[in-house]
Amino acid sequence: MAIATSSAEHHAEHSEHQDLRVLGLLTFLASESLMFGGFFAAYLFFRGQTEIWPPENTEVELLLPTINTIILVSSSFVIHFGDAAIKKNDVKGMRRWYIITAIMGAVFLLGQIVEYLTLGYGMTTNVFSNCFYLMTGFHGLHVFIGLLLILGVLWRSRRPGHYSATKHVGIEMAEIYWHFVDIIWIILFSLLYILSLF
């Protein structure tokens, strides 16, 4: 009886610890949302104060960013398949989907680097280019961090029993972070690329 009570207490303590970790991540993401919100507000303010937007010699290309957007948004579905797999106790399936997500994230970053190298303007060209590099670069940093989280999950999954249908908080946290990165990019893409056409 005492053993059963001790086991129940340990399980309750473990569940509470998991909930606090997720709460900590959500709190962090809320603070990051405020930071990105500040960038968005500043961008819209400068856009409203400038007669020609984007200014001359800062044309926005759509092809590569659109491909990048499709890749990143699709990766949100892929990483969710990994989360669904571990909830069925399918560690190999989770690994497969997380590897694909990592590849898609790396391709997105590579696409962003190619875009930077082919743009005809730098960070200090004008206020638009400054906002462009600041927001996309800061987002790129978040994608890189998300990529490290995914690789961390894959590294830990090598240990038998580390993740299972009942023990997968680390996987869920990586997925939540990745969805956040995708949502921020959709807003960025709409502001920097789509609205710049009008």
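This is a predicted model: local features need pLDDT of at least 70, side-chain atom pairs count only at pLDDT 80 or more; totals for chains, interfaces and linings use all residues.
Let me start with two residues: F36 is buried, and F138 is buried as well, where buried means under 20% relative accessible area, exposed means over 50%, and partly exposed lies in between, using a 1.4 Å probe and protein chains only. Residues are numbered from 1 along each chain as its sequence is written, and side-chain values use heavy atoms, with hydrogens and water left out.

Now, the aromatic rings. A pair of aromatic rings is described by the distance of the centres and the angle of the planes. Here, rings of Phe, Tyr and Trp (its six-membered ring) pair if their centres lie within 6.5 Å, and planes under 30 degrees apart count as stacked, over 60 as edge-to-face and the rest as tilted. By this rule the count comes to 21 aromatic pairs. In one of them, the ring centres of F36 and F138 are 5.1 Å apart with the planes at 45°, so this pair is tilted. F36 lies in helix α1 and F138 in helix α4, so the pair ties together parts that are 102 residues apart in sequence; helices here are DSSP runs (H or I, at least four residues), as are strands (E, at least two), numbered from the N terminus.

F36 also forms an edge-to-face aromatic pair with F180, at 6.4 Å centre to centre and 65° between the planes. This pair links distant parts of the chain, with F36 in helix α1 and F180 in helix α5, 144 residues apart, and both F36 and F180 are buried. There is also one aromatic cluster whose members include Y43, W53, F128 and W185.

Let me turn to the core, by which I mean a set of buried Ala, Val, Leu, Ile, Met, Phe, Trp, Tyr and Cys residues joined through side-chain atoms within 4.5 Å. The largest nonpolar core has 43 residues, of which Y43, M94, Y98, F128 and L192 touch the most other members. Two or more residues come from each of α1 (2–49), α2 (63–86), α3 (91–118), α4 (127–156) and α5 (169–194), and α5 gives the most, with 13 residues.

What about α3 itself? This helix has 28 residues and reaches 41 Å from its first C-alpha to its last, close to the 40 Å expected at 1.5 Å a residue, the expected span being 1.5 Å times one less than the number of residues. The buried residues of α3, among them M94, Y98 and F108, pack against α2, α4 and α5, with contact meaning heavy atoms within 4.5 Å.

Which residues does S196 contact, leaving aside its neighbours within four places in sequence? They are Y43, R47, W53, P54, V60, F128 and L191. S196 is placed in the segment after α5, and S196 is buried, with a relative accessible area of 11%.

Finally, a word on the record: an unreviewed UniProt entry lists residues 22–46, 66–86, 98–120, 132–155 and 176–195 under "transmembrane region", though such annotations may be inferred rather than shown by experiment. In the model, residues 22–46 are 100% helix and 0% strand, with the end C-alpha atoms 36 Å apart, whereas residues 176–195 are 95% helix and 0% strand, with the end C-alpha atoms 28 Å apart.
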